[in-house]
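Me: I am new to reading protein structures and would like to go through one slowly. Could we take a few features in turn, with the general idea before the case at hand?

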Amino acid sequence: MTVELGAFALTLALALSLAQAALGFAGARRPSLAGAGEGAAIGAFAGVAAAFAALVAAFVVSDFSVTNVAANSHTAKPLLYKVAGAWGSHEGSMLLWCLILTGFGAAVAAFGRGLPAGLKSRALGVQGLLGLLFLAYTVFASNPLARLAGPPIEGRSLNPLLQDPALAFHPPFLYLGYVGFSVVFSFAVAALVEGRVDAAWARWARPWTLAAWSFLTVGIALGSFWAYYELGWGGWWFWDPVENASFMPWLIGAALLHSAVVTEKRGALSGWTVFLALAAFTFSMLGAFLVRSGVLTSVHAFAVDPTRGVLLLSILGLSSGAAFALFAWRAPALAPGGVFAPASRESLIVLNNILLTAATGAVMFGTLYPLIYEAVAGAPITVGPPYFNLVFGVLMGLAMLALPFGPLTAWKRGDLAASADRLKLAAAVAVLVGFIVFALVSPRKALASGGVALGAWVIAGALAEVAERTRAFKAPWPEVRRRLTGLPRGAWGMTLAHAGLGVFILGACYETAWKVEAAEALSLGGQLRLGAFELTLKDVGTVDGPNYLAERGRITVTRAGRPVCAPEPERRFYPAGKQSTSEVALCNLGVSQIYVVLGERRASPDGGPAWLVRSYFNPWVQLIYLGPLLMALGGLLSLSDRRLRFAVGRKP
Amino acid sequence: MTFWPKSRTARRRLTILLAVAPVLALAAGLTLWGLRDSISLFYTPAQARAAHVAPGRAVQLGGLVLPGSVVKHPDGRVAFAIADKQETARVSYQGDLPDLFREGQGVVAEGSFDAAGVFQAKRVLAKHDEKYMPREVADALKKQGEWRGDGAAPAYGKP
């Protein structure tokens with residue numbers, strides 16, 4: 001019964017989205033209808049929320065008469081994964097997408113009090129249209145609440161690789177990011193309809209961009225962390241189509257964050273900002289299409305269905321095509337904003353945008369090239385990581401070199417020589433760090449040392465900007481303290497985000513260049529040498545998990561005879577899906593990690609049992625996850641800035 | 001400065017063009033250069049034989065894992081054979097096989113052939129979904145008339 005109510009609520013939400021779209025557009029002219037449009041937006045969200053609650057409830061009580069539950073759940077699964085199973089499948093995740101889409105619409109309706117009535121009403125109308133498309137898709141083509149004629153006694157269970165805390169929370173964060181860009185998209189379309197994009201518009205659109213981008217950062221980091229320790233390959237980024245699909249909206253979102261600042265502060269670049277706002281959500285939808293249609297072979301993807309791919313592509317083509325057509329029609333009429341000199345903060349942000357979009361283009365080209373090649377030449381190919389590393393690395397390297405100059409250069413007309421003068425100390429620190437790494441870390445690697453220096457440069461540059469603003473080391477301490485406490489949260493947010501990027505670069509370069517790998521089949525008592533460490537397989541026991549059986553290895557790690565840690569990797573067998581997975585054991589040594597995988601049992605030369613033990617020493621790997629966390633925190637800190645919350649002027 | 005236009009909008013456009021062009025040129029150049037040795041073609045064993053893939057060239061080899069061909073060596077190396085209907089190729093792989101690697105199932109191996117004709121795999125892909133058949137493998141097998149949908153036992157070429 002709950003499930004039928006949920007399905008009914010979902011259909012109701014579809015109807016309310018239609019009402020929201022119609023009332024939203026009509027309400028821009030007749031204010032009496034605008035309130036009804038807001039009500040419809042909140043109602044649509046309530047409807048989808050009820051449907052989602054019904055699905056979660058069906059998962060929790062293991063109602064196997066629901067097709068989706070039977071295919072993705074199991075009575076023996078822990079509660080967290082029963083709940084997470086609700087968004088672990090294609091159908092459920094589309095419902096989550098709709099939940100967040102209508103949720104953002106309801107948030108605009110409920111919290112957008114300071115918005116001009118026309119803009120708000122139209123934005124809600126566009127959001128309603130998007131909701132209509134995706135809800136129609138969910139209801140008619142991928143209904144998660146469909147019943148099964150002959151319910152099975154036991155479910156097929158969620159893929160054990162997905163039964164993991166990081167992956168339970170990865171989709172909600174990722175979707176908050178993806179779908180968060182829908183609000184910016186709606187604002188952009190509404191502004192194009194009105195024919196006015198000004199500083200005030202950018203100030204309204206910016207918090208939504210910040211929120212979406214921060215969530216997306218966390219979502220991607222969680223996904224990467226999951227791939228790192230659950231797939232057992234020791235890597236954290238593979239330039240796989242699915243990873244690229246989530247990365248492209250992130251890059252465009254980052255460009256949008258910066259260009260929106262220019263539009264807000266200086267009224268310039270308004271057309272470009274609107275273009276990026278449209279592009280960000282377009283890339284989100286492209287990601288949804290790439291992941292679900294199976295047009296590209298990926299190491300991690302949903303079970304694919306080509307007919308759904310066609311539908312998703314139609315939704316993408318329809319919404320983005322209409323939006324960009326509108327852009328082409330209305331953009332030339334947008335008022336050009338303030339002028340700025342070639343040496344100014346605006347110009348540096350333009351440079352940032354050019355590099356970020358070029359990098360996005362390169363990632364998109366590499367991701368879609370196999371499709372183009374297969375269509376033209378008829379042979380399937382893949383584009384390997386070297387391509388991405390080269391193109392993306394060079395473009396982003398240039399962006400990182402220029403980054404610290406941005407916040408230190410004045411708006412409108414800046415003095416690059418003066419900015420360079422203020423960055424002397426940061427440059428010295430970066431060069432010193434690079435040389436120390438080059439001289440002391442063996443084997444010597446010049447390029448990676450340069451990368452580490454670049455990371456240090458970005459961090460030191462971010463700190464130099466704070467020092468400059470607070471006149472640290474120049475003014476007496478009380479004044480510095482007064483200035484420190486007086487800095488707006490937005491400034492701290494920027495510093496934190498930039499420093500976080502630097503931390504990430506440090507970790508990514510160091511880990512990639514100096515990771516150590518070793519693998520061998522060990523009998524009990526056998527030893528494996530991993531760089532400076534010795535791994536000894538002490539014992540292998542069996543463990544009874546809630547829904548799996550496991551072999552657990554007890555391994556001691558020593559360094560020059562002294563014990564370091566005792567990892568216990570597992571190899572689990574899930575009887576429900578007849579699958580086995582390896583559970584990686586991680587030892588934290590400062591910010592570095594030792595990563596141990598217990599492979600399958602095989603015969604040793606003397607006939608006894610042996611286990612393949614694979615191990616990595618991943619130096620500084622935790623910085624790779626700390627960096628994005630700092631970036632997301634920086635975004636949220638900026639979001640909490642008073643200016644963004646309250647300065648939205650209430651115009652008559 | 002004769003080429004510098006007088007109109008303000010034209011000057012603005014030219015400035016933007018001058019800023020964007022070098023980055024685009026750099027990106028395009030890098031893209032073409034990067035693509036040269038990052039593209040790997042997909043073959044089934046029979047296609048690889050027919051195309052005379054040069055040793056050392058990075059390619060992907062896909063097909064079904066020949067039942068009974070998997071040998072796990074104590075040093076961590078795994079040897080198995082990938083087969084399509086006409087041909088079988090020996091594969092050597094250093095590392096842990098994916099958890100969903102099974103005999104008789106579709107896989108894609110990335111790597112290159114060595115001088116002896118053994119495929120040295122750097123990575124072996126089998127997918128999360130237990131019904132997974134890599135798309136390239138499914139397409140290639142369909143062309144050979146091998147594909148009979150889920151569950152049908154396929155025939156193999158002679159090792």
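Me: Which residue is the bridge partner of Val596(A) in β11(A)?

Reply: Before the answer, note that this is a predicted model, in which local features need pLDDT of at least 70 and side-chain atom pairs count only at pLDDT 80 or more, while totals for chains, interfaces and linings use all residues. Residues are numbered from 1 along each chain as its sequence is written, and chains are lettered from A and ligands numbered from 1 in the order in which they are written. Helices (H or I, at least four residues) and strands (E, at least two) are DSSP runs, numbered from the N terminus, and two strands pair if DSSP finds at least two bridges between them. Here the partner of Val596(A) is Ser615(A), and nine bridges join β10 (residues 592–603) of chain A to β11(A), the two running antiparallel.

Me: Which strand do seven bridges join to β11(A)?

Reply: That is strand β2 (residues 516–522) of chain A, which runs antiparallel to β11(A), and within this pairing Ala519(A) has Arg614(A) as its bridge partner.

Me: How many residues of strand β11 of chain A are buried?

Reply: A residue is buried if 20 or more other C-beta atoms lie within 10 Å of its own, exposed if 12 or fewer, and partly exposed in between, with C-beta atoms placed from the backbone. By that rule, nine of the ten residues of β11(A) (609–618) are buried, and the strand is mostly covered.

Me: Which residues touch the most other members of the largest nonpolar core?

Reply: In soluble globular proteins, nonpolar side chains tend to be buried together. A nonpolar core is a set of buried Ala, Val, Leu, Ile, Met, Phe, Trp, Tyr and Cys residues joined through C-beta atoms within 7 Å. In the largest one, which has 227 residues, Ala51(A), Val184(A) and Ala277(A) touch the most other members, and helix α8 (residues 199–230) of chain A gives the most to this core, with 20 residues.

Me: Where do strands of the two chains pair, and how many bridges join them?

Reply: Strand β1 (residues 381–383) of chain A is joined to β1(B) by three bridges, and these strands run antiparallel. In this pairing, Ile381(A) stands opposite Leu41(B).
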